[in-house]
Amino acid sequence: MSSPTKSFEPDSSPVRSGSAALGKNVTIKGQIFAREDLTLDGEMEGTIECHEHRLTIGPNARVQASLKAREIIIQGSIQGNVEASDKIDIRREAKLVGDIKTSRIVIEDGAYFKGSIDISKAAPPPKVVPPPQPQPAIVPPAPSSSGPAPVIATSGSLK
Amino acid sequence: MKFGSVARVNPFKPTSKDPSGSLSRHSSGFDQFCAALQVPEGGMSVLDMSGASQANIVFLTSFGHRVSSDDIMAAMQQSFGDNFHENQQSASNAQRFLDQALAFPDNSFDGILVWDALQFLVPPLIDQVVAQFLRIMRPKGVMLTFFSASEKASTLPIYSYRITDRKTLSLTPRAAAQRIQYYNNRFVEKLFENASSVKFFLTRDHLREVLVRK
């Protein structure tokens, strides 16, 4: 008796984006562009862009860079401007010197921050205007053979 | 935070106290400060020298203002160390403190919350710091500062100031420092002689609130 042949179908489910992590012994000079959540716990000099994702600056991180992400969690040391479209979370052990631009901010007691804060509320969703409904065509009634033709007034006089 | 070898004391009688040690007090000076910055469109620029805090940031940004934060007491401690008063007399230390704490462009701010930091500065540094604050204030800008009105206190508590609402502040003790001198009304008026107006609010808990307009 032969065993049934198993067939392997490719996984058709959507690919989930994971998260990337750079440990405390990693040093980077340059630019980082991330398309997934990113945790940085080492040293970084340059710029980090993590649009539509979360960027976590770990407790051992020493960063001299400008940061952009959807959400930024800060536990380490940053010298540079920070911009988050959604939220910035500055934890107790964090040290941030630079300007902040975000929609929401949470800062724990004990955190050190020197710089300016610009709270920009998220733009409201555009109003959805329904398309105009097509008006039904006005069709004049067909002339009746039994009665007189309808009188249509014009600018001229009837004779 | 250590400001020389000074015992912790609290000469102020708290108006109300919670178990964490914070005091809640009414502040007419802060109320007037907020009134001076009240514009329908917001967009004023405020400097808070009490160190960044959720309460202060949320309150000030709720009006649409832009907030800058720094901790001037921490900057003073870092610049002058344990010999807090003696080191202020050094020109190099004083300049380092000014460069670190007040390196803002001219006419940067519509409002500055200095809180009680000025009373811990020795002359002539206090005059230099006031001149810098007036420099970075915009015309018609306002500055709020506090001085102890208790003549007999030899040491003064250092507080973190947190905004509860427009008329109420929460004060949390951080440390204490030896008093330099008693700043009476005449001294304070002379200190701000280059401002366009100085308004005093004397409170029941022996705190002189001063609202200065450029």
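Me: Which strand does β5(B) join, and over how many bridges?

Reply: Two strands pair if DSSP finds at least two bridges between them. Here β5(B) and β9(B) are joined by 7 bridges and run antiparallel. One place to look is B:Phe147, which stands opposite B:Arg208 in β9(B). The strand names come from DSSP runs numbered from the N terminus: E of at least two residues for strands, H or I of at least four for helices.

Me: What should I know about the source of these coordinates before going on?

Reply: This is a predicted model, in which local features need pLDDT of at least 70 and side-chain atom pairs count only at pLDDT 80 or more, while totals for chains, interfaces and linings use all residues. Residues are numbered from 1 along each chain as its sequence is written, and chains are lettered from A and ligands numbered from 1 in the order in which they are written.

Me: Thanks. In what sense do β8(B) and β9(B) pair?

Reply: They pair in the antiparallel sense, over 6 bridges. B:Phe201 stands opposite B:Glu209 in β9(B). The two strands form a hairpin with 4 residues between them, where B:His206 takes a positive phi near 60°.

Me: Is β9(B) mostly covered or mostly open?

Reply: A residue is buried if 20 or more other C-beta atoms lie within 10 Å of its own, exposed if 12 or fewer, and partly exposed in between, with C-beta atoms placed from the backbone. By that count β9(B) is mostly covered, with 5 of its 7 residues buried.

Me: Which residues of α1(B) are buried?

Reply: An α-helix has 3.6 residues a turn, so residues three or four places apart point the same way. In helix α1 of chain B (residues 28-36), the buried residues are B:Gly29, B:Phe30, B:Phe33 and B:Cys34. They lie on the same side of α1(B), because they cover an arc of only 140° around the axis, taken from the directions from the helix axis to the C-beta atoms. What covers them includes β4 (109-115), β5, β7 (168-178), β8 (197-202) and β9 (207-213) of chain B.

Me: Why does B:Lys152 count as exposed?

Reply: B:Lys152 counts as exposed because it has 8 C-beta neighbours inside 10 Å. Look for B:Lys152 in the loop between β5 (137-148) and β6 (155-165) of chain B. B:Lys152 and B:Arg179 are 27 residues apart in sequence, with 9.9 Å between their C-alpha atoms.

Me: Now chain A. How many helices and strands are there?

Reply: Chain A has 0 helices and 10 strands. Strand β5 (residues 62-74) and strand β7 (residues 82-90) of chain A pair in the parallel sense over 7 bridges, and A:Leu67 has A:Val82 as its bridge partner in β7(A). β7(A) also pairs in the parallel sense with strand β9 (residues 100-107) of chain A, over 7 bridges; there A:Glu83 has A:Lys101 as its partner. Buried residues make up 23% of the 159 residues in chain A.

Me: And how many residues of chain B are in contact with chain A?

Reply: Two residues are in contact if their C-beta atoms, placed from the backbone, lie within 7 Å. On that basis 10 residues of chain B are in contact with 12 residues of chain A. β3(B) gives the most to this side of chain B, with 4 residues. β3(B) is also joined by 3 bridges to strand β10 (residues 112-119) of chain A, and the two run antiparallel. Within β3(B), B:Ser69 is the bridge partner of A:Gly115.
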